[in-house]
Amino acid sequence: MTTVEENRRQVHRIFEQVAADYDNPSTRFFPFCADLLVNHVKPRPGTRVLDVATGTGAVAVPLAQAVGPTGRVHAIDLSERMLDRAEANIRKMALDNVDLHQMDAQCLDFRAGYFHTVVCSYGLFFLPDMQAALRDWVRVLQAGGRLAFTSFETTAFQPMLDNFIECLPEFGVSLPEGTFSSHRIASSGHCRELLEEAGLVEVQVENVQLGYHLRDENDWWEVVTSTAMRALLDQVPADRLDAFRAQHLAFVAEQKSADGLWLDVQTRFASGVKPA
Ligand SMILES: C[S@@+](CC[C@H](N)C(=O)[O-])C[C@H]1O[C@@H](n2cnc3c(N)ncnc32)[C@H](O)[C@@H]1O
């Protein structure tokens with residue numbers, strides 16, 4: 001099995017598993033980010049937009065509102081269960097200008113130059129060859145169109161994330177080679193390089209803090225179990241899970257202040273324009 005196939009299988013499994021719990025108050029940074037991303041690209045009414053790795057449709061929903069009834073949003077994801085949730089969220093908002101497709105972000109089944117805008121929120125770092133994927137996204141973008149993605153800054157979720165990762169080996173989990181997936185985009189400079197190497201111009205990278213206070217360590221546990229961190233957690237043997245949770249959450253509880261538990265969600269918004 002190739003690395004790409006193995007990655008696709010793993011990502012599909014994780015998101016099928018977390019889909020039911022993905023939309024929850026502890027991870028409200030996803031829709032917060034989506035609103036800012038749509039405001040950043042400002043798609044015009046009547047235009048066609050692609051939302052790559054749409055998940056439960058956090059970005060597709062405000063995009064659909066922005067392009068209006070004469071515009072169209074195509075939203076793709078690998079996970080059928082995430083797409084089922086997206087469909088329910090879109091229906092709840094009475095939107096009928098979104099098409100959902102189960103499709104791999106690494107080989108898009110759209111013709112060249114079809115979209116006025118392409119966006120991807122918190123999805124690029126899951127792809128084994130980010131540069132090749134971006135080239136394909138640029139292929140489907142019209143000349144003059146903007147492509148934008150978001151990624152987590154390395155401070156996001158700290159210090160809880162580091163402690164989560166550090167506790168795992170003690171509980172028999174061997175960590176994957178390389179870095180945690182969201183750390184694969186290392187810096188704002190790296191975002192810029194990715195976009196420039198994909199042939200985009202007028203590249204902008206902006207850092208925005210989307211964080212807030214969670215109530216306590218139980219809310220943090222909700223973040224762990226409803227995001228990609230779940231993939232590592234599931235490797236803890238079932239009979240040691242309670243002990244792992246107790247050890248990790250004892251550390252997390254110490255981080256609380258009078259306001260609650262600060263969740264850092266420093267996020268990079270990166271975008272560029274396809275030259276004529
Ligand atoms: C962290 S979620 C972000 C979802 C959404 N954009 C949001 O902001 O809430 C990442 C999504 O990327 C999708 N994904 C990962 N690899 C993918 C691939 N190769 N092709 C399509 N979707 C992929 C996952 O299934 C998951 O729904």
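1. Which helix gives the largest share of the shell around the ligand? That is H1, with three residues. H1 covers 3-18, and H1, H2 and strand E2 (72-77) each supply at least two residues of this shell. Helices here are DSSP runs (H or I) of at least four residues and strands are runs (E) of at least two, numbered from the N terminus.

2. A word on the basis. This is a predicted model, where local features need pLDDT of at least 70, side-chain atom pairs count only at pLDDT 80 or more, and totals for chains, interfaces and linings use all residues. Residues are numbered from 1 along each chain as its sequence is written.

3. Back to the ligand: 23 residues surround it, the closest being Phe15, Ala53, Gly55, Ala105 and Ser121. A residue is near if its C-beta atom, placed from the backbone, lies within 6 Å. By type, the shell splits into 14 nonpolar, six polar and three charged residues. Nonpolar means Ala, Val, Leu, Ile, Met, Phe, Trp, Tyr, Cys and Pro; charged means Asp, Glu, Lys and Arg; the others, Gly among them, are polar.

4. Now the sheet. Seven strands form an open sheet in the order E3-E2-E1-E4-E5-E9-E6, with mixed pairing. Strands E3 (98-102) and E6 (201-209) sit at the edges with a single partner strand each, so one side of each lacks a neighbour in the sheet. Two strands pair if DSSP finds at least two bridges between them.

5. In the pairings around E4, E1 and E4 run parallel over four bridges, with Val49 opposite Thr117. Six bridges join E4 to E5, also in the parallel sense, and Phe115 stands opposite Leu141 there. E5 and E9, by contrast, pair in the antiparallel sense over seven bridges; Phe152 has Thr267 as its bridge partner in E9.

6. E4 (residues 115-121) is mostly covered, with seven of its seven residues buried. Buried means 20 or more other C-beta atoms within 10 Å of a residue's own, against 12 or fewer for exposed and in between for partly exposed, with C-beta atoms placed from the backbone.

7. Last, the core. The largest nonpolar core has 75 residues, and Leu37, Ala60, Val118 and Val119 have the most contacts inside it. Its largest share, seven residues, comes from helix H2 (residues 29-41). Such a core is a set of buried Ala, Val, Leu, Ile, Met, Phe, Trp, Tyr and Cys residues joined through C-beta atoms within 7 Å.
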